[in-house]
Amino acid sequence: MGALDRYTGPWDERHAGHLLRRTTFLSARRFVRQLMDVGLDAAVEQLLADQPTPDPPVDPATGQTWVNNTTPQQNDAQYRLMVKAWWLEQMFRTDRLSIIEKMTLLWHNYFATEADTIGDSRLQYHHNAMLRRYALGNLKELTFRVTIDPGMLRYLNGDLNTAQKPNENYARELQELFTIGKGPERAPGDYTHYTEHDVQQAARVLTGWRVLRNGDPSTSVFNANLHDRGDKQFSAAYGNRVIRGRTGSTAGADELTELLDMIFSQEETARFFVRKLYRWFVFYHIDERTESEIIEPLAQLLRQSDYQIKPVLSVLLKSAHFYDDQNIGAMIKSPLDFIVMTMTTAGFPLPTNAQDKARLLNALLAIAAALQQNPMDPPSVAGWPAYYQTPDYYRLWINSATLPTRYALTDTILFGSRQLPRSYILDVLAFAERTSNNPGDYAQLIADLEQELMPAYPLTDEQRDYLARSVLMAGGQVYEWAQIWATYKANPTDPSARGAAQQRLQNLLRTMFRMAEFQLM
Amino acid sequence: MKRRDFLKTTSPLIALPLVLGGFPIGAMARSRVLDPLWQILSTTDRVLVLIQLNGGNDGINTVVPLDQLSTYYQVRPQVALPESKLLRITETAALHPAMSSIQRMFNDGMVAIVQGVAYPNTNLSHFRSTDIWMTASDYNQYLSTGWMGRYLDTLYPNYPTGYPNDNAPDPPAVQIGAVMALALQGPLASMGLALQDPQTFYDIINGTQSSITGGIPDTRPGHELAYLREVELKSQQYSTSIKEAADKAQNKATYPTNNTLADQLKIVARLIAGGLQSRVYLVSIGGFDTHSAQVDTTDTTLGTHATLLGRLSDAVAAFFDDLRLLGIQDRVVAMTFSEFGRRVASNASNGTDHGTAAPMFVFGTQVIPGIHGTNPSLTELDNNGNLQMQYDFRQVYSSILAQWYGADPTTLQKVMLKDFPTIPIIRTSTTSVEEPQPTADTELGIAPNPVAPGEPLDLMFTLPAAAAVEVEFHDTMGRLITRSDIGYMPAGTNRTSIRAPHVASGVLTCTLRAGDSLLRGTLIVR
């Protein structure tokens with residue numbers, strides 16, 4: 001059986017949960033069951049379905065959105081934060097199970113920009129709106145849109161690139177990071193798939209695009225007078241292709257189309273993207289076998305479907321390889337996975353009051369930044385190192401500074417702290433009842449909590465036993481738990497009965513949240 | 001660049017690495033000036049602070065070549081600094097106007113500048129070039145370990161297995177921040193511990209129960225789990241000693257505010273002064289990728305680059321001021337690095353694009369002060385309009401390892417993967433390195449010397465007062481080989497018998513501690 005053949009094993013919580021965690025920011029059992037109940041094919045179809053564009057963020061001062069204003073905001077920094085909060089809110093959505101937010105984040109990591117550098121919340125919003133509009137569409141079309149997107153033009157200085165003063169910044173990243181990728185450096189300036197000369201020629205093709213400070217913030221404009229009208233001769237890496245210089249108002253778009261046709265006709269471009277897709281959804285290590293059995297066939301499929309993304313995602317997410325035991329639980333949660341999965345599993349709804357919601361989302365954004373994943377402000381144009389830095393990849397999320405910060409968040413939802421509003425302290429008694437049919441049975445309770453909190457990596461019996469004896473009962477007799485729970489249920493308002501059960505559950509959850517298994521998905 | 005040019009531009013300053021095997025050992029032991037062993041004890045106290053300038057620092061506007069000012073104003077009109085504002089440090093070189101604090105340190109003899117540092121075929125991608133600087137690889141070589149990680153691996157073999165222990169109670173390296181640098185990556189694990197603030201680090205970590213382990217299978221998820229457990233374990237093990245060190249010392253200098261680099265260096269000063277035995281600290285400051293708005297449109301002495309260099313300059317000066325007040329300034333050397341310099345010509349956006357060579361700064365009382373190398377030529381450029389290289393950055397690394405840490409040629413070869421000619425950046429003779437002075441009049445007598453491994457050995461020494469005596473042997477890398485308690489010995493002349501350590505033939509230092517007395521001798525094992 002081929003690795004990309006449809007998965008035929010059991011469609012149970014383990015496998016449906018794996019699909020859920022890798023394609024959304026959710027992990028709770030109630031969502032796992034939704035995917036399990038409809039079966040593999042329908043689950044993937046549902047996740048890949050097109051989604052309507054969400055409403056844009058609203059300025060609390062006016063009750064209106066500002067993102068289409070024709071002039072920049074005063075004090076724009078606070079609006080940049082509002083766009084981030086708006087996006088985080090989308091990740092929190094539980095009203096539909098969709099891959100759209102993970103795909104939008106994938107594109108943000110792939111065509112990375114930094115809001116701080118773009119320096120205009122309107123452009124920052126429209127960049128994200130553009131990414132999600134094309135997120136499940138066509139890679140070539142998306143690349144075209146990204147290239148002339150105002151936020152990207154500003155971020156990589158494309159708006160400063162003119163015939164008289166070429167700026168190579170975007171032309172370089174377009175090839176190094178966004179399409180074909182760097183091969184081995186065969187000679188100085190020759191990166192196998194393209195050369196320094198090709199960077200210069202592509203920069204000439206890309207001359208003339210401007211971002212107007214005042215005007216429609218969703219589009220750039222092309223100024224033919226600033227465009228390099230000469231022919232652009234590419235190197236042997238691109239078959240010595242010549243892009244004919246053009247004049248007139250469509251010169252920029254026409255030459256760009258030709259440039260992308262040239263780059264996307266190279267087989268390496270499809271491979272480069274599929275590797276990134278694989279590292280995003282499956283695992284970071286790509287050995288020779290993965291290269292030949294997964295990457296190459298998916299790259300062929302991508303080319304056959306003229307760079308439509310959905311067919312590739314569909315095959316990958318239904319494949320036997322995706323559900324291989326080696327891949328389930330082998331990914332360390334990214335900070336955004338960690339935050340949104342933890343909060344939604346704890347069952348905290350987002351506040352309906354705009355002010356409270358903003359306060360919560362801003363607090364969570366600060367934690368995400370401390371955990372080294374500040375959405376819309378990745379460290380560089382290469383995105384987050386967890387997706388490209390060999391040999392550690394996802395492990396880079398975890399070090400002696402970030403792991404304690406993860407603990408601090410889970411401690412906060414158990415005990416409270418200044419990090420989050422007080423309404424985000426978990427009612428552990430209610431949580432135990434929601435999570436387990438029989439919370440008075442310690443073994444059942446721990447098994448159910450495990451299934452809810454760390455389903456990707458099963459605990460050993462020894463660990464479960466430790467949790468019962470040494471943590472829940474702190475060295476006491478485990479059978480006493482049934483009595484403690486029964487006493488609480490009989491007198492739910494009695495402070496000492498309630499406190500006895502609550503304190504034991506808090507200790508148990510604190511320890512479980514700090515277990516390494518909780519970091520895996 | 002051509003090999004011939006390389007030799008031409010560097011030859012006056014090249015010093016061959018000290019080749020231990022090339023000298024008769026007996027002669028070396030008598031000549032302290034040549035004797036790298038003399039530094040051994042003090043090298044274990046020596047600390048290196050790496051300051052990463054993220055984004056590619058514009059070297060030409062950092063150290064401005066006064067001998068080529070007309071070219072300078074011609075090729076980079078948008079960003080060139082006015083002559084009247086430049087901070088002159090030599091006849092031919094001046095610092096950026098924002099660097100007055102570093103100018104002051106330079107005048108105090110605490111700054112060495114190495115000109116024109118790069119590597120052949122500089123890669124103009126931030127990521128790749130940063131990796132090359134971190135791993136000390138060739139431009140076309142991909143390494144997964146960092147240069148400092150490989151060096152620390154020689155001092156802490158098999159790390160993290162078996163650490164912390166009595167001889168190595170603290171993490172080999174500490175990074176202030178939350179992203180672990182590739183430079184500290186060792187063969188098995190990162191040699192560094194990342195933290196943002198010692199107290200918070202301790203408070204959070206303190207509540208973890210690590211007793212839940214369970215077997216880890218040899219699978220992908222199992223490997224990730226093992227990694228997580230290792231980070232958890234190391235964090236717990238080191239959190240106490242780091243907090244203790246931080247609590248033990250207080251900063252004595254006033255650091256600039258709104259300066260993230262100063263905030264980081266402040267923590268480093270406390271940890272060193274508090275006795276943390278980490279050998280390397282890594283701090284960083286970002287924003288040097290000045291494609292646009294490097295300078296203010298109306299005043300080129302202002303703008304992004306000026307702000308960043310001002311922060312660097314003020315933070316480093318405050319740090320060394322603090323170290324001096326804390327009495328530890330001779331134990332610390334700091335060094336800047338950045339993935340590349342910037343293009344000679346400025347661009348139309350008041351900025352500069354990615355370039356090649358740039359100066360590196362080495363700070364401290366133990367540096368050989370001044371400028372190493374010559375001003376880069378602004379006219380003899382490579383094909384891409386970039387500066388020619390004068391020094392390979394790995395020469396600087398090798399020099400630091402050899403001259404500051406006393407790394408021997410074998411170690412250097414292992415860490416740097418090939419021989420790089422060193423540059424005299426750090427003082428190495430006894431006249432310039434402050435040694436802890438023994439209070440006893442006589443030196444440590446050792447007989448027989450040379451000795452065979454494990455054979456009886458007599459130590460002869462004089463004590464000013466009765467004291468408990470302890471003897472240690474270190475190898476040439478400063479690694480502790482054995483430690484033994486001799487017991488209580490009376491005042492006056494003593495003779496005691498011990499056994500020579502069981503080591504392969506080589507040179508060891510023998511250190512005898514008794515109360516306030518410290519005696520030292522060199523032992524050759526046959």
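**Labels and their grounds**

Modeller: Asp458(B) has Ser497(B) as its bridge partner in E17(B). This is a predicted model.

Biologist: What makes E14(B) and E17(B) paired strands?

Modeller: Pairing needs at least two bridges between two strands. Eight bridges join E14(B) to E17(B), residues 492-499 of chain B, and the two run antiparallel.

Biologist: What makes the peptide bond between Asn449(B) and Pro450(B) cis?

Modeller: Its omega is about 5°. A cis peptide bond also joins Tyr163(B) and Pro164(B), with omega about -5°. Pro164(B) sits in the loop between H8 and E6 of chain B.

Biologist: Which side chains of E14(B) point to the buried face?

Modeller: Side chains alternate along E14(B), residues 456-463. Leu457(B), Leu459(B), Phe461(B) and Leu463(B) point to one face and are buried.

Biologist: Why are E2(B) and E3(B) said to stand at the edges of their sheet?

Modeller: The sheet is open, with three strands in the order E2-E4-E3 of chain B and antiparallel pairing. E2(B), residues 63-65, and E3(B), residues 87-88, each have a single partner strand, so one side of each lacks a neighbour in the sheet. Three bridges join E2(B) to E4(B), residues 93-95. Val63(B) stands opposite Leu95(B) of E4(B).

Biologist: Why is H8(B) called largely enclosed?

Modeller: A residue is buried if 20 or more other C-beta atoms lie within 10 Å of its own. Seven of the nine residues of H8(B), residues 147-155, are buried, so the helix is largely enclosed by the rest of the structure. The buried residues are Trp147(B), Met148(B), Gly149(B), Arg150(B), Tyr151(B), Leu152(B) and Asp153(B). Their cover includes the helices H7 (126-135), H13 (393-403) and H14 (409-416) and the strands E6 (173-176) and E8 (280-285) of chain B. For chain B as a whole, buried residues make up 49% of 526.

Biologist: How do you know that the buried residues of H19(A) line one face?

Modeller: The buried residues of H19(A), residues 428-435, are Val428(A), Ala432(A) and Thr435(A). Seen down the helix axis, they fall within an arc of 75°, so they line one face. The general rule is that an α-helix has 3.6 residues a turn, so residues three or four places apart point the same way. The buried residues of H19(A) pack against H20 (442-453) and H23 (495-513) of chain A.

Biologist: Why does Asn75(A) count as exposed?

Modeller: Asn75(A) has 6, so the residue is exposed. Asn75(A) lies in the loop between H3 (40-48) and H4 (76-91) of chain A. Its phi is near 50°, a positive value in a residue other than glycine.

Biologist: Why is Ala293(B) partly exposed?

Modeller: Ala293(B) has 13 C-beta neighbours inside 10 Å.

Biologist: What does the contact between the chains take from each?

Modeller: It takes 47 residues from chain A and 40 residues from chain B. H18(A) supplies the largest share of the chain A side, five residues. By class, that side has 23 nonpolar, 16 polar and eight charged residues. The predictor gives the complex an ipTM of 0.94 and a pTM of 0.73.

Biologist: Where in chain B is the pLDDT below 50?

Modeller: The mean pLDDT of chain B is 84, and 86% of its residues reach 70 or more. Over residues 1-43 of chain B the pLDDT is below 50, and over residues 430-441 of chain B it stays under 50. Where pLDDT is low, the predicted coordinates should not be read in detail.

Terms used. Residues are numbered from 1 along each chain as its sequence is written. Chains are lettered from A and ligands numbered from 1 in the order in which they are written. This is a predicted model: local features need pLDDT of at least 70, side-chain atom pairs count only at pLDDT 80 or more; totals for chains, interfaces and linings use all residues. Two residues are in contact if their C-beta atoms, placed from the backbone, lie within 7 Å. Helices (H or I, at least four residues) and strands (E, at least two) are DSSP runs, numbered from the N terminus. Ala, Val, Leu, Ile, Met, Phe, Trp, Tyr, Cys and Pro count as nonpolar, Asp, Glu, Lys and Arg as charged, and the others, Gly among them, as polar. pLDDT is the predictor's confidence in each residue, from 0 to 100. A residue is buried if 20 or more other C-beta atoms lie within 10 Å of its own, exposed if 12 or fewer, and partly exposed in between; C-beta atoms are placed from the backbone. The arc is that of the directions from the helix axis to the C-beta atoms.
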